[in-house]
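Subject: Structure for you to look at

Hello,

Here is the structure I promised to hand over. Please open it alongside this note.

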Amino acid sequence: MVEKHHDIEKTAIDGDGNESDAPYLPDTASTRLHRALKLRLCEGDFAPGEVISIRSIAAEYGTSAMPAREALRWLVTEGALVFSDSRKIMVPKLSRERFHEVLFARKSLETQVSRQAFEQLGSDDIEVLEALDEQINRAIEQADLPSYMRGNYRFHFHIYQRSRSVVLLPLIETLWLQYGPSMRQICMRWGASISDDYHREITQALRRGDKEAFCHAIAADIEQGMMLLD
């Protein structure tokens, strides 16, 4: 069963649980709920085609209908959700071709932002990434797809946040909002097992101070998603 994220007070959009350097937004119930739902979408907590009602979200997070409505409509404007008709809001279904394009765009942007982040990643960051990778490996061993998706998101965004890019980070986040639900569905529908990743190569390259190997491993990790489509 997918773990629910009820505590919107502690939800952030960066990879290690800290507040990101995004432009200031008022700390309101709708902005906190917006962040919480974005995180769940990126982690594959919702399925493509799933209908998300204002009433159910408000009840789950203990808010009134107003902030729930504002948060969901905000996600619609970002392309993370769509109106299926005048009343229903749902997670969009991506075609095989569009999902391939999302992965291609991820590879391009995330390799670049990783290059920008490389010099900012220190020994403390490497220890965090290695601890996350251990959690991910346990999820792989247990075929625990939700935990794998959650750990994979946090591993990657811990790196990307260190770039402090005000241009590329929002673009990457938008791609992950589409990637998360579809990637989880692909693994479940096609019976694809969670395969080994390139996270160890990423952390080893960081320890060696090898920027090119680091960026290559980031790109290779994303390419694995493409191989599931071929």
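How many helices and strands does the secondary structure of the protein come to? The count is nine helices and two strands. Both kinds of element are DSSP runs, numbered from the N terminus: helices are H or I with at least four residues, strands are E with at least two.

Some ground rules. This is a predicted model, in which local features need pLDDT of at least 70 and side-chain atom pairs count only at pLDDT 80 or more, while totals for chains, interfaces and linings use all residues. Residues are numbered from 1 along each chain as its sequence is written, and side-chain values use heavy atoms, with hydrogens and water left out.

Overall layout

Along the sequence, the pattern reads α-α-α-β-β-α-α-α-α-α-α. The protein has 230 residues, and 50% of them count as buried. Buried means under 20% relative accessible area, exposed means over 50%, and partly exposed lies in between (1.4 Å probe, protein chains only). Take the contacts with a separation of 6 or more: 77% of them join residues 24 or more positions apart. A contact means heavy atoms within 4.5 Å.

H4 against H9

Helix H4 covers residues 96-117 and helix H9 covers 211-227. Their axes come within 9 Å and cross at roughly 165°. Axes here are lines fitted to C-alpha atoms, for helices over the stretch in contact, and angles run from 0 to 180 degrees between N-to-C directions. H4 and H9 are therefore roughly antiparallel. The cut-offs are under 35 degrees for roughly parallel, over 145 for roughly antiparallel, 65 to 115 for roughly perpendicular, and oblique for the rest. The crossing of H4 and H9 is right-handed. Right-handed means the near helix is turned clockwise from the far one by less than a right angle, left-handed anticlockwise.

On the H4 side, the contact includes Leu103, Phe104, Arg106 and Lys107. H9 contributes, among them, Phe214, Cys215, Ile218 and Ile222. The contact of H4 with H9 divides into eight nonpolar, four polar and seven charged residues. Nonpolar covers Ala, Val, Leu, Ile, Met, Phe, Trp, Tyr, Cys and Pro; charged covers Asp, Glu, Lys and Arg; the others, Gly among them, are polar.

Cys215 is buried, at 3% relative accessible area. Cysteine 42 is also buried, at 0%. A search of the whole structure finds zero disulfides, a disulfide being a pair of cysteine sulfur atoms within 2.5 Å.

Gly225 is another H9 residue in the contact with H4. Its C-alpha atom is separated by 9.6 Å from that of isoleucine 186, 39 residues apart along the chain. Isoleucine 186 sits in helix H7 (residues 168-189) and is buried at 10% relative accessibility.

H6 against H8

Helix H6 (residues 145-161) packs on helix H8 (residues 199-208) at about 25°, with the axes 12 Å apart. H6 and H8 are therefore roughly parallel. Their crossing is left-handed. Asn152, Phe155, His156 and Ile159 of H6 meet His199, Ile202 and Thr203 of H8. That contact has three nonpolar, four polar and no charged residues.

Loops on either side of H6

Which residues here have a positive phi without being glycine? Alanine 143 has phi near 50°. This alanine lies in the loop between helix H5 (123-141) and H6, and is exposed at 62%. Arginine 164 has phi of about 60°. The arginine lies in the loop between H6 and H7, and is partly exposed at 47%.

Best wishes
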